[in-house]
Amino acid sequence: MTQRTLARYLTEEQRNKGVITADLKFLIEVVSRACQAISIAIGKGGLGGVLGEAGSDNVQGEAQKKLDVLSNDILLEANEWGGHLAAMASEEMDLPHLVPHRFPKGEYLLTFDPLDGSSNIDVNVSIGTIFSVLKCPEGADLSTPAAAEAAFLQPGTAQVAAGYAVYGPTTLLVLTVGNGVAVFTLDREQGAFILTQENVQIPADTKEFAINMSNQRFWEAPVKRYVDEMVAGKEGPLGKDYNMRWVASMVADVHRIMTRGGIFMYPMDSKVQAQGGKLRLMYEANPMAFLVEQAGGAATTGRQRILDIVPGKLHQRVPVILGSKNEVERVTGYHAV
Ligand code: P6P
């Protein structure tokens, strides 16, 4: 059976289906090569002197790990020279990063969380890179990093591609260009991502939920009701037993759901209400919501479809409930009563 590399898959999406442009194909290949470099750096762990704190904080006020900063730098350097991007934005940078004047600008915007779940780095648990691609609006003001923020403030429905790399026992790239979800496995000997699954479908029902239970006392009533019902199992109103998983690495939790279904919740709670939620819209919630919907799942804040949100600021946070469609619809319905 002929192996289909990422390059071949993207060429077929471009040539045969006209789904993507040559520049978008190039962008995704560049991001995939950056993820390969990040995977190698992570794999060195303590041997590469890349573990531990960087000694700085990011715009979120979170202590940066050395690998957070390294991953961010790898993605910036990989993407700035190719002529496919107008600007980039990252969880690790307060303002957008403009393509330097010495390089040509392109028509796309790239947002990313360079290393999501970094609290898991030092304990050797799966982490990942999340990315999202938007078109740069005609006439966007890219005169300064601060002025460029407005170009990014587009709803998730405007995404032209999204994906994540998960650095686990194997390194995977999970991608959508708006035509279903495909999974690629990194063949380290070839140095290429090989297609290993196409047309991913998330089961509409599940028996597995993911939430940080230690926040229980802070949840809103609809989430309390839903989790209580799942914990009640067969004897409760849902009439079946549920299992629970919480990796505290969104990419790992979402990939499990892409693989076997489930529901992931980082809902609004009184602890994070002032900041609008825990997870970031532009480079965590939106790309994951696009992928989940493309795989037949659903993604809401509990009160609205995540992809419909019109961002007010680059690092905006939102509540996130995503995964198996019937479960997401159930708990979203509880918010409406
Ligand atoms: P908590 C990682 O820092 C992250 O942004 C997501 O990857 C993860 O789902 C969540 O935060 C974990 O949050 O509060 O359980 O540590």
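Predicted model: local features only at pLDDT ≥ 70, side-chain atom pairs only at ≥ 80, totals over all residues.
Residues are numbered from 1 along each chain as its sequence is written, and side-chain values use heavy atoms, with hydrogens and water left out.

I start with the ligand. There are 13 residues around the ligand, and Asp116, Asn212, Trp246, Met250 and Tyr266 come nearest; a residue counts as near if one of its heavy atoms lies within 4 Å. By class, this shell has six nonpolar, three polar and four charged residues. Gly counts as polar here, while Trp, Tyr and Met count as nonpolar.

Next, the polar contacts, meaning pairs of N or O atoms within 3.5 Å. Asp116 has a polar side-chain atom 2.7 Å from a ligand oxygen. For the side chain of Asn212, the distance from an N or O atom to a ligand oxygen is 2.9 Å, and for Trp246 the corresponding distance is 3.0 Å. The protein covers 82% of the 400 Å² of accessible area that the ligand has on its own, by the Shrake-Rupley method with a 1.4 Å probe.

Now the pocket. The ligand takes up the space of the largest pocket, which holds about 440 Å³. A pocket is an open set of points on a 1 Å grid over the protein atoms alone, where a 1.4 Å probe fits, with protein on both sides within 12 Å along at least five of seven lines; lining residues have an atom within 4 Å of a point. The lining comprises 25 residues, with Gly117, Ser119, Ala248, Lys278 and Arg280 nearest the centre. Of the lining residues, 11 are charged, eight nonpolar and six polar.

Notes: Polar contact = N/O pair within 3.5 Å; in protein donor to acceptor, adjacent residues only side chain to side chain. Sits in = over half its atoms within 2 Å of the grid points. Points joined across faces, edges and corners; volume = space filled by probe spheres on them.
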